[in-house]
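Student: I have a model open and I'd like to learn how to read it. Can we go through some features together?

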Amino acid sequence: MPKKEKLDPETEALIQWCTEVEQFLVKGGATLDQAQEHIEEQVEWFTDLFYDGLTPEEAAKEALA
């Protein structure tokens, strides 16, 4: 059975952050599928927002604007 690769803490933090952004997108009116698809399609932009220090809520507001 292959070993599961351990993600570095920064990658884990980014994934958790995106999960929180997703929840705010849903609260803003998107379906879960729409939120996930949007994050996947705009992953570089969301990654930049993460490293720019935006909160998940701020990032979702930017995405919904």
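**Reading the model**

Tutor: Let's start with valine 26, which counts as partly exposed because its relative accessibility is 35%. Buried means under 20% relative accessible area, exposed over 50%, and partly exposed in between, with a 1.4 Å probe and protein chains only. Keep in mind that this is a predicted model: local features need pLDDT of at least 70, side-chain atom pairs count only at pLDDT 80 or more, and totals for chains, interfaces and linings use all residues. Residues are numbered from 1 along each chain as its sequence is written, and side-chain values use heavy atoms, leaving out hydrogens and water.

Student: Where is valine 26 placed, and what is it in contact with?

Tutor: Valine 26 sits in helix H1, residues 9-27. Helices (H or I, at least four residues) are DSSP runs, numbered from the N terminus. Contact means heavy atoms within 4.5 Å. Leaving aside neighbours within four places in sequence, valine 26 is in contact with Thr31, Leu32 and Ala35. Also, its C-alpha atom is 9.3 Å from that of alanine 60, 34 residues apart along the chain.

Student: How many aromatic pairs are there, and how do I read one?

Tutor: A pair of aromatic rings is described by the distance of the centres and the angle of the planes. Rings of Phe, Tyr and Trp (its six-membered ring) pair if their centres lie within 6.5 Å; planes under 30 degrees apart are stacked, over 60 edge-to-face, and the rest tilted. This structure holds three such pairs. One of them joins tryptophan 17 and phenylalanine 50, edge-to-face, at 5.5 Å centre to centre and 70° between the planes. Tryptophan 17 is in helix H1 and phenylalanine 50 in helix H3 (residues 43-51), so the pair ties together parts 33 residues apart in sequence.

Student: Are those two residues buried or exposed?

Tutor: Tryptophan 17 is buried, at 7% relative accessible area, and phenylalanine 50 is buried too, at 19%. Ring pairs also link Trp17, Phe50 and Tyr51 into a cluster.

Student: What about the way H1 and H3 cross?

Tutor: Two packed helices are described by the angle between their axes and the distance between the axes. Here the axes of H1 and H3 come within 11 Å and cross at roughly 105°. Axes are lines fitted to C-alpha atoms over the stretch in contact, with angles from 0 to 180 degrees between N-to-C directions. That makes H1 roughly perpendicular to H3, a label for angles of 65 to 115 degrees.

Terms used: Helices (H or I, at least four residues) and strands (E, at least two) are DSSP runs, numbered from the N terminus. Angles under 35 degrees count as roughly parallel, over 145 as roughly antiparallel, 65 to 115 as roughly perpendicular and the rest as oblique.
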